[in-house]
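Here is a short tour of one protein chain. Take a look at the model first, and then we'll walk through it piece by piece.

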Amino acid sequence: MRTIVSYIRVSTGKQGKSGLGIEAQREAIARFAAAEELEVLTEFVEVETCKGSDALERRPRLAEALAKARKAKAPVVVAKLCRLSRDVAFISGLMAQRVPFIVAELGADADPFMLHIYAALAEKERALIADRTRAALAQKKAQGTVLGNRTNLRDAQAKGVATNRKAADAFASNVLPIVRQIQAAGATTHRAIAQSLNDRGVRTARGGDWHDSTVRNLLARSH
């Protein structure tokens, strides 16, 4: 049976609801592998939260997936193209690694040229959304609309706290499956879990290293 290397990436808590969470991606790749009679050799999970992640040095798990796939002479499989990137230059750089990529959503027969086309469309869509948002804000400002809510500061602060709490809970739900795998492998202390997360290239919600306290806070959210 032919083997593949699975790569899963989440960047924001919202992706759990949009069908791009860890479990959703894992299930999509599993269905694809079963349909194509492929065996998942290794799975790599990346949790990144900082901007500018379209750089291979900021994706240590992707770099590991590439190395593993190259050694095994196997393709890297992702659930959706955006789990690699929406940036055409980044996609092109990955193609230069001489490791074949398969996007489960597009099927096994999608050639590299089509991946470039889809990435270009996604990049253009992202730019158009940003342009429309800026144009709409500029129009409102020109019409004399005061941007932002300055009259309900207390409500705005409360909403901000609630949003931050929701984002922290969503981030925890993405990272906890990785922590459970680490615990199942024998790590029992907060320090051991933190070290394992750092070794895997997983960053905290603020993009930093893990410590005893951050692991303790993360696990507290699961209760």
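## A leucine and its partners

Which residues is Leu-197 in contact with, leaving aside its neighbours within four places in sequence? They are Val-175, Ile-178, Val-179, Ile-182, Val-202, Trp-210 and Val-215, where contact means heavy atoms within 4.5 Å.

Before going on, keep in mind that this is a predicted model, with local features needing pLDDT of at least 70, side-chain atom pairs counting only at pLDDT 80 or more, and totals for chains, interfaces and linings using all residues. Residues are numbered from 1 along each chain as its sequence is written, and side-chain values use heavy atoms, with hydrogens and water left out.

## The nonpolar cores

A nonpolar core is a set of buried Ala, Val, Leu, Ile, Met, Phe, Trp, Tyr and Cys residues joined through side-chain atoms within 4.5 Å. Buried means under 20% relative accessible area, exposed over 50%, and partly exposed in between (1.4 Å probe, protein chains only). The largest core here has 31 residues, and Val-175, Ile-193, Leu-197 and Trp-210 touch the most other members. At least two residues each come from strand E1 (2–10), helix H1 (22–35), strand E2 (38–47), helix H5 (153–184), helix H6 (190–199) and helix H7 (212–220). H5 gives the most, with 7 residues.

Apart from that core lies another one, of 17 residues, including Val-5, Ala-65, Ala-69 and Val-78.

## The chain as a whole

The chain has 7 helices and 4 strands. Helices (H or I, at least four residues) and strands (E, at least two) are DSSP runs, numbered from the N terminus. In order from that end, they go β-α-β-α-β-α-β-α-α-α-α. Of the 223 residues, 33% are buried.

H6 and H7 pack with their axes 8 Å apart, at an angle of about 100 degrees. Axes are lines fitted to C-alpha atoms, for helices over the stretch in contact, and angles run from 0 to 180 degrees between N-to-C directions. That angle makes H6 roughly perpendicular to H7, because 65 to 115 degrees counts as roughly perpendicular. On the H6 side, the contact uses His-190, Arg-191, Ile-193, Ala-194 and Leu-197, and on the H7 side Asp-212, Val-215, Arg-216 and Leu-219.

Most residues other than glycine have a negative phi. Glu-37, in the loop between H1 and E2, has a positive phi of about 55 degrees. Glu-37 counts as exposed because its relative accessibility is 58%.

Lys-73 also has a positive phi, near 55 degrees. Lys-73 sits in the loop between helix H2 (60–72) and strand E3 (76–78), and is exposed at 78% relative accessible area.

Definitions and conventions: Parallel < 35°, antiparallel > 145°, perpendicular 65-115°, else oblique.
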